[in-house]
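Me: I'd like to go through this model with you, a few questions at a time. Could you take a look and walk me through it?

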Number of protein chains: 2
Amino acid sequence: MKKELAPEDFAQCPLPIGQHETIQLGHGSGGKMMSDLIDKLFLWAFDNPLLRQMDDAAVLDLNGVRLALSTDSFVVDPIFFPGGNIGELAVNGTVNDISMSGARPLFLSVGMILEEGFSLDELRRIAESMRTAADHAGVKIVTGDTKVVNKGKGDKIYINTTGMGLIERNFVPSSRNLKSGDQIILSGNIAEHGIAILSQREGLAFQVPIESDTASLNGLVTSILDAGEEAVHSLRDPTRGGLTATLNEFAKTSHVGIQIYEEKIPIQEPVSGACELLGLDPLYVANEGKLVAVVAKNRAEKVLEAMHAHPLGAHSEIIGEVLAAKPGMVIMRTHIGGWRIVDTLVGEQLPRIC
Amino acid sequence: MKKELAPEDFAQCPLPIGQHETIQLGHGSGGKMMSDLIDKLFLWAFDNPLLRQMDDAAVLDLNGVRLALSTDSFVVDPIFFPGGNIGELAVNGTVNDISMSGARPLFLSVGMILEEGFSLDELRRIAESMRTAADHAGVKIVTGDTKVVNKGKGDKIYINTTGMGLIERNFVPSSRNLKSGDQIILSGNIAEHGIAILSQREGLAFQVPIESDTASLNGLVTSILDAGEEAVHSLRDPTRGGLTATLNEFAKTSHVGIQIYEEKIPIQEPVSGACELLGLDPLYVANEGKLVAVVAKNRAEKVLEAMHAHPLGAHSEIIGEVLAAKPGMVIMRTHIGGWRIVDTLVGEQLPRIC
């Protein structure tokens with residue numbers, strides 16, 4: 001039954017990737033190493049036009065009904081952290097990926113990989129949080145799978161969520177749609193999720209506890225699309241790799257430049273303080289309840305107003321704009337007035353953040 | 001934003017499950033412990049009518065288009081085994097779960113959890129096999145996700161595949177549909193996958209190498225449904241827990257009895273020999289390329305004929321029938337003419353088989 005693979009099939013794969021012969025933590029980072037792995041191995045192996053869309057969700061047409069499908073595995077360490085746990089993160093993360101394609105998230109599947117010896121009580125608390133998060137986002141968990149691996153072959157719990165949403169509008173925001181002059185709107189304070197995880201992991205106690213921003217953004221997306229309609233060119237939640245990874249992906253995929261202004265980027269003082277203390281650049285730190293909307297200039301103020309009216313968008317700011325010049329590049333005017341290139345990292349700043 | 005869970009919410013969960021306070025390997029077995037975990041924890045937490053269908057795929061209606069959604073995580077050890085590897089298993093497994101609902105599988109998502117240090121060359125071979133298996137089944141991999149965990153926190157590679165299929169017929173086979181008099185048809189020799197995995201894991205060499213039967217069954221399902229139409233009451237692939245788990249689930253869900261005849265159950269001689277040597281009952285050993293079809297008596301011969309005409313159904317046999325008596329119970333007439341109850345195992349016979 002099986003087609004034998006010829007040696008020349010293997011020879012075509014553009015491996016080795018960089019100088020690596022094995023998987024490094026950086027291959028899961030959201031940075032250049034991950035892009036490289038995906039481009040050179042997975043896109044090469046699985047290549048088809050639907051996969052090549054390369055947005056957070058695939059947009060599919062089934063007998064005239066347009067759907068979005070998105071998958072995400074969650075391996076965050078620790079599994080309980082200030083502001084949430086791996087369960088609600090897994091629900092919100094996939095709800096958000098679906099939402100960024102402009103679809104209304106409806107259904108989730110849940111695949112659990114449990115480590116032998118994991119606490120049933122913790123599992124119960126995680127399942128409870130998933131239900132609460134699903135109710136809050138208005139989605140249903142409709143199918144699941146449970147696997148158990150031997151002690152020492154996992155890390156308590158890994159959760160895959162795959163989501164399906166319905167595209168009800170006649171346009172689909174995409175990272176390919178940025179146009180010169182578009183305004184870049186960020187929905188609120190950055191770097192909270194990453195710093196919450198890191199503080200828990202490292203046992204750091206801040207005067208003001210920093211909580212993860214994990215939240216489902218489908219309601220905010222509805223407000224944005226109602227206000228901006230097809231002037232909303234792109235939506236993305238800046239998770240792994242932070243704001244930098246999202247903006248660079250936009251710039252590269254749409255072949256445009258992006259300029260942003262450091263003083264416009266909202267961040268809570270305790271978070272920026274923690275970043276300074278830890279030697280982290282908040283532009284690279286993961287968010288789990290924020291989005292970037294790229295909106296045509298003539299509708300940007302209207303969209304911003306709608307975002308301000310939503311609880312998850314109260315701190316929204318226009319942080320920059322799209323340029324015809326400098327295609328593929330993101331530049332930032334710093335507080336002191338200079339310009340710097342904001343490029344993605346090669347590897348990993350904070351492993352296992354989601 | 002977060003709804004606080006009240007202590008009384010937690011108190012309602014019917015935990016602890018049995019006497020266990022932590023996850024055991026048996027909770028992933030396909031046996032009674034897994035059913036218990038799913039019933040008492042996941043169904044309790046996530047409860048909704050779509051989830052409660054409890055077939056291998058959820059059947060969903062989206063603006064009049066009927067879809068099947070199914071998810072499966074693969075943690076098989078070893079990842080390469082006689083007859084296949086974890087990649088093609090992950091594609092075929094989800095294609096099969098979708099197919100058992102009578103849907104035509106179309107799209108897959110792939111979520112990989114890679115362990116730091118895993119060989120890029122092995123990853124490439126796995127990706128290649130996934131592509132080949134997807135092409136063979138006529139499905140497209142449309143979206144994916146890659147996570148990396150620290151060395152010692154995973155086991156080379158875990159793969160989640162989630163699949164979507166289109167239901168094009170006006171009936172849906174289901175484990176709830178068995179009727180007294182229905183014939184039980186098995187599509188071929190049992191226990192090959194489990195024995196192939198075990199022989200590789202334990203370094204056993206048989207005179208005739210035993211290969212996994214991993215295959216996508218969507219073509220065979222099309223033949224069955226074309227021949228039997230709505231007389232095809234149920235379809236299921238007997239994976240974890242083997243033929244026993246499938247038949248017991250049918251009997252319990254449809255509140256019917258099932259009787260089978262040992263001499264009718266096809267098995268290759270080297271496989272039954274290996275089972276004897278290893279002290280395993282082949283009725284409990286996983287298959288990855290077989291299905292059980294439950295068909296109304298007046299169409300059973302026609303369906304069997306159609307199955308014989310398909311390469312993956314050449315060794316199909318009618319192995320038994322559905323009874324009105326003994327609801328929830330599976331009984332077998334043995335080679336020596338006695339009757340035995342064939343009940344599911346409590347825990348785990350072969351961990352990490354898929």
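Me: Which residue of chain B meets the side chain of Arg240(A) in a salt bridge?

Reply: First, the ground rules: this is a predicted model, where local features need pLDDT of at least 70 and side-chain atom pairs count only at pLDDT 80 or more, while totals for chains, interfaces and linings use all residues. Residues are numbered from 1 along each chain as its sequence is written, chains are lettered from A and ligands numbered from 1 in the order in which they are written, and side-chain values use heavy atoms, with hydrogens and water left out. A salt bridge here is a side-chain nitrogen of Lys or Arg within 4 Å of a carboxyl oxygen of Asp or Glu. With N to O at 3.0 Å, the partner of Arg240(A) is Asp145(B).

Me: And which residue of chain B pairs with Asp145(A) in a salt bridge?

Reply: Asp145(A) sits in strand β6 (residues 140-149) of chain A, and its partner is in the loop between β9 (232-236) and α7 (242-254) of chain B; helices (H or I, at least four residues) and strands (E, at least two) are DSSP runs, numbered from the N terminus. Both partners are buried, meaning under 20% relative accessible area, with exposed being over 50% and partly exposed in between (1.4 Å probe, protein chains only). The closest N and O atoms are 3.0 Å apart, and the partner is Arg240(B).

Me: Why does the salt bridge of Asp72(A) and Lys147(B) join two chains?

Reply: The closest N and O atoms of this pair are 2.7 Å apart. Asp72(A) is buried, and so is Lys147(B). The pair joins two chains because Asp72(A) lies in strand β2 (residues 65-74) of chain A and Lys147(B) in strand β6 of chain B.

Me: How many salt bridges does the rule find across the interface of chain B and chain A?

Reply: The contact (heavy atoms within 4.5 Å) takes 95 residues from chain B and 95 residues from chain A. Over all chains, the rule counts 40 salt bridges. Across the interface of chain B and chain A, the number is 4.

Me: Which element gives the largest share of the side of chain B that touches chain A?

Reply: The interface has 29 residue pairs in polar contact, both at pLDDT 80 or more. Elements giving two or more residues to the chain B side include α2 (32-46), α4 (120-137) and β6 (140-149) of chain B. The largest share, 12 residues, comes from α4(B).

Me: Is Arg340(B) buried or partly exposed?

Reply: Arg340(B), in strand β14 (residues 339-341) of chain B, is 59 residues apart from Asp281(B). Their side chains meet in a salt bridge at 3.0 Å, N to O. At 29% relative accessibility, Arg340(B) counts as partly exposed.

How values were computed: A polar contact is a pair of N or O atoms within 3.5 Å; within protein, one must be able to donate a hydrogen and the other to accept it, and residues adjacent in sequence count only if both atoms are side-chain atoms.
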